[in-house]
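Thanks for coming. I will go through one model today, starting from a single residue and working out to the pockets. Please have the sequence and the structure open.

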Amino acid sequence: MSKQNPEPATHDTTLPDIGRLERMVGEILEQAGAAGASAAEAAVSMDVGLGVTVRKGEVETLEFHRDRGLGLTVYFGQRKGSASTSDFRPETIRETVQAACDIARYTSEDTAAGLAPAERMAREVPDLDLYHPWDLSADEAIDIARECERAGLDTDPRITNSEGATVNSHQGLRVYGNSHGFLGGYPSSRHSLSCALIGEQGGHMQRDYWYTVSRLSGELEDADAVGRMAAERTVRRLDGRRLGTRQVPVIFAAEVATGLLRNFTGAIRGGNLYRKSSFLLDHLGKQVFPDFMHVYEQPHLPRALGSAPFDNEGVATLARDLVADGVLQGYILDSYSARKLGMETTGNAGGVHNLSVDTSDKDIHDLIREMGTGLLVTELMGQGVNLVTGDYSRGAAGFWVENGRIQYPVEEITVAGNLKQMLMNIVAIGNDLETRGNIRTGSILIESMTVAGE
């Protein structure tokens, strides 16, 4: 809903007792067994949250949400059926269980279908410090958003407009169980503050933004700091130029370098591998990065955004190397893709957990000096990545660098290459570690790419 002058508002941010959801999951699994399922798994979740957006000092949106969901998968031998609902009434749950069973009876057999192996279930659920609810009223959220936007608008006279400042606070609880006897769950929280601004100079406009996110509200950047950073990033992009086509070194700033690692993880994800739609097919044990590269998972980092004690199938998460000395050590597999490949699950149903890259002792300024002449990319646009061939071509914006110094902003350009060569041609990883997501890396310097504009 939208309000121009909202009245003071309150909302219930309490989560249910975890025991209630555990009992619900247990009852669902019992019902599935009674209906003839040879195996079953179920997950129940509840989420509450508050979101506020202020634009030019006025409240543009004020949203409270309280969501819940139930998902069930049953197996009749190797026939699979799934159903879901957001209605927790007993009669609806019974109908959902029956619907999943009816579907399973009519599906074809799949030799890879089934629960993850019983011996891989998490035996303990460590406390990873993921739950820090924020006792935040709507009025307080509005004040924070206004302070953030005001700081941005006051930073520089060239900031002429705003797309708004947004405060979000979310907390949720998820419980998963299966007929191996596994039953586990934990609460989590996630809070964020963002600001997007528009600058104008010489009749030309630019937009940029900044944001902060954390499990713990006390670890968020100050509102005025977020607003000022959004303004500074916007102003520095004014008077952008285009570039002629050239082959040059490229630095991907940390906030966009995460995308390169995401492309890499997509190429070693089980679904793409068993479908033979990856440029890294059959590369296990082969060199895929320079020998200084170390890429690994850290699923048990306290308060980190990608931490989890077990995956979406109840499999215990473990710290492990994906790449050591530049050599690919393992894939990203859930139990289904593992069976399709004749391998074992890696505890990655639902994705990776805090994928991390070892950094160097060089900051972004050191990387720029090392590059000498080339392109610093700070924004990427479009979806021009082909994971089958590795071909990479995306719209970009950033800064042209000469003699180790930023010269001017650039816009409306394209950076292109092939991911296989791009990963092998990484020269250095900066120490400006990006921690606002599930992939943790510094800025990445690549030896050479094609840059095209005019």
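Leaving aside neighbours within four places in sequence, alanine 416 is in contact with Tyr392, Ser393, Met449 and Thr450, where contact means heavy atoms within 4.5 Å. The C-alpha atoms of alanine 416 and tyrosine 392 are 5.3 Å apart in space, although 24 residues separate the two in sequence. Alanine 416 sits in strand β14, residues 405–418. Strands here are DSSP runs of E with at least two residues, helices are runs of H or I with at least four residues, and both are numbered from the N terminus.

Some ground rules before going on. This is a predicted model, in which local features need pLDDT of at least 70 and side-chain atom pairs count only at pLDDT 80 or more, while totals for chains, interfaces and linings use all residues. Residues are numbered from 1 along each chain as its sequence is written, and side-chain values use heavy atoms, with hydrogens and water left out.

Rolling a probe the size of a water molecule over the atoms shows where empty space is left. The search uses a 1 Å grid over the protein atoms alone: a cavity is a set of points where a 1.4 Å probe fits but cannot get out, a pocket is an open set with protein on both sides within 12 Å along at least five of seven lines, and lining residues have an atom within 4 Å of a point. Grid points are joined across faces, edges and corners, and a volume is the space filled by probe spheres set on the points.

Over the whole structure, the search finds four cavities of 30 Å³ or more. The second largest cavity has a volume of about 40 Å³. Its lining consists of Gln206, Arg237, Gly240, Gly398, Phe399, Pro409, Val410 and Glu411. Which strand gives the most to that lining? β14 does, with three residues; β13 (391–402) also supplies at least two.

Now the pockets. The largest pocket holds about 460 Å³ of space. It has 24 lining residues, and Arg174, Tyr186, Ser307, Ala308 and Asn312 lie nearest its centre. By class, the lining has eight nonpolar, 12 polar and four charged residues. For the classes, Ala, Val, Leu, Ile, Met, Phe, Trp, Tyr, Cys and Pro count as nonpolar, Asp, Glu, Lys and Arg as charged, and the others, Gly among them, as polar. β1 (39–55), β4 (159–178) and β5 (183–201) each supply at least two residues of this lining, and β4 gives the most, with four.

β1 and β4 also pair with each other, antiparallel, over 14 bridges; two strands count as paired if DSSP finds at least two bridges between them. Within that pairing, leucine 50 has serine 169 in β4 as its bridge partner. β1 also pairs with β2 (residues 58–76), again in the antiparallel sense, over 17 bridges. There, the bridge partner of serine 45 is glycine 69 in β2. The hairpin of β1 and β2 has two residues between the strands, and lysine 56 takes a positive phi near 55°. Is β1 mostly covered or mostly open? Mostly covered: 14 of its 17 residues are buried, meaning under 20% relative accessible area with a 1.4 Å probe and protein chains only.

The second largest pocket has a volume of about 390 Å³. Of its 19 lining residues, Arg233, Ala253, Glu255, Ile364 and Asp432 lie nearest the centre. The lining divides into nine nonpolar, four polar and six charged residues. At least two residues each come from α4 (223–235), α5 (254–267), α8 (364–371) and β12 (374–381), and α8 has the largest share, three residues.

Last, an open sheet of five strands runs in the order β10-β9-β8-β11-β16, with mixed pairing. β10 (327–328) and β16 (439–440) are its edge strands, each pairing on one side only.

Key: Buried < 20%, exposed > 50% of the residue type's maximum accessible area, 1.4 Å probe, protein only.
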